[in-house]
Amino acid sequence: MEMNEYLDVFIEESKEHIQSLNNHLLELENDPTNMDKVNEIFRSAHTLKGMSATMGFQDLADLTHKMENVLDAIRNDKIELDSDILDVVFNAVDNLESMVFDIIDGGDGKKDVSQLVAQLEAIEQGEVIANTAPEQSAATTSNAQQTIDIGSLDQFETTVLQQSSDSGFFNYKIHVQLEEGCLLKAARVYMVFEVLEQMGEVVKSEPTVTELEEEKFENDFTVLLVSKEDQDTIEQKIMKVSEVKKVEISIFDINQIQANDSKEEQSKEQKSASKQKNEPANDKTNTKSTHVTSKTIRVNIERLDALMNLFEELVIDRGRLEQISATMKDTELQETVEHMTRISGDLQNIILNMRMVPIDQVFNRFPRMVRQLAKDLNKQIDLVIYGAETELDRTVIDEIGDPLVHLIRNGLDHGIETPEERKQQGKDEKGTLTLNAYHSGNHVFIEISDNGAGINRDKVAKKAIENGVITEEQVANLTDSQINQLIFESGFSTADKISDISGRGVGLDVVKNTIESLGGSIRIESEFGKGSLFSIQLPLTLSIISVLLVEVQKEKYAIPLSSIIETAIVNKNDIMHAHNKQVIDFRGKVVPLINLHDIFEVPGEKDDDNFYSIVLIRQGGKMAGLVVDTFIGQQEVVLKSLGDYLSDVFAISGATILGDGQVALIVDTNALIK
C-alpha cells in the first residue's frame, strides 16, 4: 500500500484528535469523576494509536498506547485521577502534537519520550509520580551546557531579531558561566539581566527566566540580546558581577533562521505538489455505504485567489452591462442582464464562503495554553471565550494567531496579578481573561481583556520620556488612550521583572506591525487597578462588498451596507448643537453628525439646503450620521487597495471602479466613529 497518498488524511485527522484530547482533558480537569469524558479521551487516543501504527509512525503509536493504558485503568477504577496524573497526560499530548508537526514538516515523527513513557508506566502500575515532566525537563537540561537552538525560536522572536538586524542593532548570543559553588545563583542571574537590560533587550533565555529564578539550572545559562554595544563592552560589564566565572559572546546569525525557513517552505511546496494527483477523502457521516465517497477536497489558497481575481473583473463588467441595459431600455437585454446578475451573485457567495473559516481554528489552542501558563506563573486564571464561530478570511486566520498568542501571554504575565496580590486588593483570587470576536460593519473585532492590574499612566509616561519617545511638555497634553498606545513603541518596556513569557517591550511593537500589515489596527482601553482591553480591528478582506453609493459635490463615495442602520432626510431646523457639534435626535438617542464635505475637503461650496441627506452608521454601540449631498443607490463593488503611497488616507479603506469607469472611494466608517 502506498502510504504517501494517505498522509494528508492522517495529518488532518491526527490534528483533530489531538485538539479533541486537549479539549476533553481540560473539561475532565474541572470534573475528574466524569467517566464519559474519560471514555471520549480513550477513544481519541485509541484511534490515533491505530492510525499511527498503520502509517508506520511507531514512536507516536507507542506513546499513544501507553497513554491509552493509563486512561483504560482510570475508566476501570484501577487508579484514581489526580492533578499529577493529568499533568503527565497533558505532557503526553504535547509530545504527540510535536511528533505530528514534525511529520508535517517532512520529518519521521521520531522523538525520545523514554522518560515520559516511564512515567505513564509507573502511573499504570499505581506508583507515585514524584516529578512532573517540566521539572524532569529542567533537570535533564541542567547537566549540559545551556544553549539556544534556532528551531526553538517562535515567529515573534525571529521577527524581532530580523527587525533589529535591519535597524543597525547587533544580535548577540551570550553564554554566562557562574563560579562553582555559587550560593545565590538566582541573585547573580538577576544582576546579570539587570546589566543586560541597561544595554539592550533580552529576547530569549535558556533555561527560561522562571527556571533561572527558581535555580533549576547548574551554573550556566544563555541569552539572546539585542544591543548596539560592542562585544567587549558587554563582556566587561557582565564580568563585573561577582561570582561570574566566564562569558562567551558571539553574533547570532539571523540569516541561518531565514535559510532554515526557506528550506522548510521549499519542502512543504514539494510535498504539496507530490500530493496533488490523488486526494483521498473520508465520508464519516455515511456509515452504511459500502463505498467511500468524497465530500471534501483541499484547494490551494492561491487557486482561490486567482478565482477571486477573475470574478472581480466579472463584477466590474456586470456593473457596466447593468448601466448599458438601463440606458438602452431593451427588454431582452434587461432580462438577460438580470439573469446574469442573479447567477453571478450566487457564484460570488460560493467563492467568498469558500475562503471563510471560523476563528475557532485559532481560539481552540488557547485553553490549553492558558492552563499551562497559569501553572507556570502560579496564578489562577479563568479563560472565557465568546464568538468563536465568527468567520474570517483564510489569509487573515493564518496570520492573526501569533499576535493573539503574544497578547494573551502578555495579559497573563503582566495584566493579571497573583492570587495573593488580588486578595490584598479585595479582588477574587482567580483572574479572568476574556476573548471575544464579533463582526461590525465590514470588519471583524477581536478583543482580549483582563480584570487585572491595568496600565499605570505615570509609569508609562516616565518610561516614554526616558526613551526619548515624547517630552515632559507633551505628556501633559496626551489623553490616557494616547499614553496607553505608547507601549507599542519599539523596545518599550515598563516591566519591573524580566520575563520570557511576555513583555511590554520587544513584542508588542511586532504585534502592532503584524496587525497593520493585515490592514487592521489595535487600540487599548485600560483603567489602572481594574484591567485592560486590547481591541483588534481587522478587515474581512472580502474583495467584493455591498455599498450605498452617495455623492458629495461631484465626487462619489461608497459606504459599506454592513455599517449602515438606515438613511434619512432631516430638516435643517431639527439639527441641534452639543459640545460645539451638530447632533440629531434619532429615536431618543443623540447622534453626532459628520459632514463628508468637511472630512474629505471636497472642493466647491456647500449647498444651502433646508434638508440634509444623512446616512446613519454604527460601530459597536456607537452611532453617527454622515451628511452627504445625494443618495445614488445600492451596488456591489470590487474593493481595490489604494497602494502603498496612499495607505494612510484618513477614513478611506480603498476604492472601486464603477460601471461607467468612474472611481469611487470606499469610506472606512469605523475611523469616523470615535
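Residues are classed as buried under 20% relative accessible area, exposed over 50% and partly exposed in between (1.4 Å probe, protein chains only). The structure is a predicted model, in which local features need pLDDT of at least 70 and side-chain atom pairs count only at pLDDT 80 or more, while totals for chains, interfaces and linings use all residues. Residues are numbered from 1 along each chain as its sequence is written, and side-chain values use heavy atoms, with hydrogens and water left out.

A search of the whole structure returned 21 salt bridges, a salt bridge being a side-chain nitrogen of Lys or Arg within 4 Å of a carboxyl oxygen of Asp or Glu. Lysine 530 and glutamate 527 form one of these, with an N to O distance of 3.6 Å. Lysine 530 is exposed because its relative accessible area is 53%, whereas glutamate 527, at 47%, is partly exposed.

Another salt bridge joins aspartate 393 to arginine 355 (2.8 Å, N to O). This pair links distant parts of the chain, with aspartate 393 in strand S7 (residues 391-393) and arginine 355 in helix H13, 38 residues apart. Helices (H or I, at least four residues) and strands (E, at least two) are DSSP runs, numbered from the N terminus. Aspartate 393 has a relative accessible area of 0% and is therefore buried; arginine 355, at 7%, is also buried.

Glutamate 68 pairs with lysine 49, their closest N and O atoms lying 2.9 Å apart. Here too distant parts of the chain are linked: glutamate 68 belongs to helix H3 (residues 58-75) and lysine 49 to helix H2 (residues 35-55), 19 residues apart. Both glutamate 68 and lysine 49 are buried. A network of salt bridges connects Glu29, Asp87, Arg371 and Lys375.

On the surface, Asp330, Glu332, Glu335 and Glu338 make up a patch of negative charge. Patches are made of residues with over 30% relative accessible area and no salt bridge, like charges being joined within 9 Å and nonpolar side chains (Val, Leu, Ile, Met, Phe, Trp, Tyr) within 5 Å. Glutamate 335 lies in helix H13 (residues 331-355) and is exposed, because its relative accessibility is 51%.

Helix H7 (residues 155-166) contains 12 residues and spans 16 Å from its first C-alpha to its last, close to the 16 Å expected at 1.5 Å a residue. The expected span is 1.5 Å times one less than the number of residues in the helix. The buried residues of H7 are Phe156, Glu157, Thr158, Val160, Leu161 and Ser164. Just after H7, glycine 168 adopts a positive phi of about 90°.

Notes. Areas by Shrake-Rupley, 256 points an atom, 1.4 Å probe, with all protein chains shown as cover. Lys, Arg positive; Asp, Glu negative; His and termini not counted. Charge placed at Lys NZ, Arg CZ, Asp CG, Glu CD.
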